[in-house]
Amino acid sequence: MSQFAFLAPEFAAVHDHARKAEAAALSDPRAACFYGRLALETAIKWLYAHDRTLKKPYEETLAALIHEPSFRALAGDGLVTKAKLIKDLGNRAVHDTRPVSGQSAVTVMRELFHVSYWLVHTYAKGEKPAAALTFSADALPRTAQVDPLKLGQLQEAARRYMEQVEARQKAEAEALKSEDARAELEAEIRRLQAEVAATKAANQCPARCA
């Protein structure tokens, strides 16, 4: 069973990337770091879309989102450091031709587990992960499910991901051209943000995930 199964009920998109990273951690470190970074980016973009305490930076790159003071105030220095490490190792996996070590992949998985635990414990409406739940490198899958991805394949996957993000942003921008649609969307966003704020206030995160 995946160590990230607790993400699936309410954070399916984050879980999908985390599961791929977990499956590749010991057999394909480069892919694991790449998918770990995607999981982190998906989680952080969800936060900016749903938590009204966050202020979007001028530039919406992952680095800018992580370094935004309101994100640090929300997540704390420890989680910001973990997010930066995942980002840096993920970027290196996609852009650096040098081999990616297995230890880098394990590090990404460990830090992603902590970020994911905090996300679910803070924002999930339903069942929360157990307080005693911990990450175990020994529990990572040891059998390769697919052939390791080459650097060029990961770069192509990253390109397709960015195209999907840009297409979604363009579609949202087009939808906002209609005044009625814009008012309806803004009302829905406010409703969801209020719902998330209420859930967040009701949840209490153990000190170890801060």
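D16 is partly exposed, because its relative accessibility is 28% (buried means under 20% relative accessible area, exposed over 50%, partly exposed in between, with a 1.4 Å probe and protein chains only). The side chain of D16 meets that of R19 in a salt bridge, 2.9 Å from N to O (a salt bridge is a side-chain nitrogen of Lys or Arg within 4 Å of a carboxyl oxygen of Asp or Glu). This is a predicted model, in which local features need pLDDT of at least 70 and side-chain atom pairs count only at pLDDT 80 or more, while totals for chains, interfaces and linings use all residues. Residues are numbered from 1 along each chain as its sequence is written, and side-chain values use heavy atoms, with hydrogens and water left out.

**The chain as a whole**

- The secondary structure of the chain consists of eight helices and zero strands (helices are DSSP runs of H or I with at least four residues, strands are runs of E with at least two, and both are numbered from the N terminus).
- Starting at the N terminus, the elements follow the order α-α-α-α-α-α-α-α.
- Of the 210 residues in the chain, 43% are buried.
- Take the contacts with a separation of 6 or more: 70% of them join residues 24 or more positions apart (contact means heavy atoms within 4.5 Å).

**Salt bridges**

- The count of salt bridges comes to eight.
- R19 and D16 are three residues apart in helix α1 (residues 12-24), so about one helical turn separates them.
- R19 counts as partly exposed because its relative accessibility is 39%.
- D16 and R19 also belong to a network of salt bridges that includes K20.
- In helix α2, K45 and E41 lie four residues apart, about one turn of the helix, and their side chains meet in a salt bridge of 3.0 Å, N to O.
- D77 and R72 form another salt bridge through their side chains, at 2.8 Å from N to O.
- R72 is partly exposed, since its relative accessible area is 32%.

**How α2 and α6 pack**

- Two packed helices are described by the angle between their axes and the distance between the axes.
- For helix α2 (residues 29-50) and helix α6 (residues 102-123), the angle is about 20° and the axes are 9 Å apart (axes are lines fitted to C-alpha atoms, for helices over the stretch in contact, and angles run from 0 to 180 degrees between N-to-C directions).
- That makes α2 roughly parallel to α6 (angles under 35 degrees count as roughly parallel, over 145 as roughly antiparallel, 65 to 115 as roughly perpendicular and the rest as oblique).
- The crossing of α2 and α6 is left-handed (the near helix is turned anticlockwise from the far one by less than a right angle; clockwise would be right-handed).
- Residues of α2 that meet α6 include P29, G36, L40 and W46, and those on the α6 side include G102, V108, W118 and Y123.
- By class, this contact has 15 nonpolar, three polar and no charged residues (Ala, Val, Leu, Ile, Met, Phe, Trp, Tyr, Cys and Pro count as nonpolar, Asp, Glu, Lys and Arg as charged, and the others, Gly among them, as polar).

**A closer look at E111**

- E111 is found in helix α6, and E111 counts as buried because its relative accessibility is 13%.
- Apart from neighbours within four places in sequence, E111 is in contact with K82, L85 and I86.
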